[in-house]
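Hello,

Here is the structure I promised to hand over to you. Have a look at it first, and then read on for what was found in it.

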Amino acid sequence: MEEGGAAGRGEAGGPRREHGAAGAPEGLGGPRGHWAPGTQVLWRYRENGGAHIHIARPVTVVRDDPELLAAWMAPGTECVKPVLADGTPVHQEPLPTRYTKPRTVQRDHWFGTGVLKLARPGDPWSVWLFWDSGWRFKNWYVNLEEPLARWSGGVDSEDHFLDISVHPDHSWHWRDEDEFAQAQRDGLMDAALAGRVREAGRAAVDVIARWGAPFSDGWQNWRPDPSWTVPSLPPDWDRAPAHLSS
């Protein structure tokens, strides 16, 4: 997981939601309800090998229906990210001790350009789009993870370390294979889970090879609504959902 066209105009089903991450009533965004475009929710990840939330990112819903959840993380968004207990950024710690040293979380801001995140219900991955300055499209990024679990204030998942970069010329390559292997050595995933992650990765590569959705849907030409404000990180960003569904 990285730190630090018509498709964009899809209409969301269900009633309009006026509140999301900051104070949404429990029950909204459940299995039969969908968030309206412009709703602000949280996109969160649990720590590996634990139950606590260690990544929380406020996002704005672009589209939400039975086929796809699309959400925009704007530049400068305040987020929560994991760090070592002494404040050292995780990626600066040598790999052999990266997952064994004590950790905490800290607030920070997303730097650089924004990120568009796409997830189909039940898929064990999400697809993120990155741009360079001036909206020059950079790449797609397949984040292998638990299928998103919806709750009133957003979606939760758990990262699976292994990722795939997909380039504008349709070429691709694996990312973070060293972290994937280290996580297994450190007991953060067993052989059965590692096998499922590899299988999910191969399934994603099959989609890339035939240039299926969402890669073929023109999302690289999407732009955010200029009236949208940058979502705030709510004080209860780590609250336990009352209702979870996939």
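**What was found**

Arg150 is buried, with a relative accessible area of 11%. Here, buried means under 20% relative accessible area, exposed means over 50%, and partly exposed is in between, with a 1.4 Å probe and protein chains only. Before we go further, please keep in mind that this is a predicted model, in which local features need pLDDT of at least 70 and side-chain atom pairs count only at pLDDT 80 or more, while totals for chains, interfaces and linings use all residues. Residues are numbered from 1 along each chain as its sequence is written, and side-chain values use heavy atoms, with hydrogens and water left out.

**The chain as a whole**

The protein chain holds 3 helices and 11 strands. Helices (H or I, at least four residues) and strands (E, at least two) are DSSP runs, numbered from the N terminus. Read from the N terminus on, the elements run β-β-β-β-α-β-β-β-β-β-β-β-α-α. Of the 246 residues in the protein chain, 51% are buried.

**Salt bridges**

Back to Arg150: what does its side chain meet in a salt bridge? The partner is Asp64, at 2.9 Å from N to O. A salt bridge is a side-chain nitrogen of Lys or Arg within 4 Å of a carboxyl oxygen of Asp or Glu. Asp64 sits in strand S2 (residues 53–64) and Arg150 in strand S9 (residues 149–151), so this pair links distant parts of the chain, 86 residues apart. Asp64 is buried too, at 0% relative accessibility.

A search of the whole structure finds 12 salt bridges. Another of them joins the side chains of Asp108 and Lys81, at 2.9 Å from N to O. Asp108 lies in strand S5 (residues 103–109) and Lys81 in strand S4 (residues 78–84), so the pair ties together parts that are 27 residues apart in sequence. Is Asp108 buried or partly exposed? At 29% relative accessibility, Asp108 counts as partly exposed.

Glu177 and Arg198 also form a salt bridge, and their closest N and O atoms are 3.0 Å apart. Glu177 is in helix H2 and Arg198 in helix H3, 21 residues apart, and the pair links distant parts of the chain. Glu177 is partly exposed at 37% relative accessibility, and Arg198 is partly exposed with a relative accessible area of 25%.

While you are looking at strand S4, find Val80, which is placed there. Val80 counts as buried, at 2% relative accessibility. Val80 and Arg57 are 23 residues apart in sequence, and their C-alpha atoms are 6.7 Å apart in space.

**Nonpolar cores**

A nonpolar core is a set of buried Ala, Val, Leu, Ile, Met, Phe, Trp, Tyr and Cys residues joined through side-chain atoms within 4.5 Å. The largest one has 37 residues, of which Leu116, Leu129, Val142, Phe215 and Trp219 touch the most other members. At least two residues of this core come from each of strand S3 (69–73), S6, S7, strand S8 (136–145), strand S10 (154–166), helix H2 (177–185) and helix H3 (191–209). Which of these gives the most? H3 does, with 8 residues. Apart from this core lies another, of 20 residues, including Trp35, Trp43, Leu69 and Cys79.

**Aromatic rings**

Rings of Phe, Tyr and Trp (its six-membered ring) pair if their centres lie within 6.5 Å; planes under 30 degrees apart count as stacked, over 60 as edge-to-face and the rest as tilted. The count comes to 15 aromatic pairs. In one of them, the ring centres of Trp140 and Trp211 are 5.2 Å apart and the planes are at 85 degrees, so the pair is edge-to-face. Trp140 lies in strand S8 and Trp211 in the segment after H3, so parts 71 residues apart in sequence are tied together. Both Trp140 and Trp211 are buried. These two also belong to one aromatic cluster, together with Trp72, Trp131, Trp135, Phe137, Phe215, Trp222 and Trp228.

Enjoy exploring!
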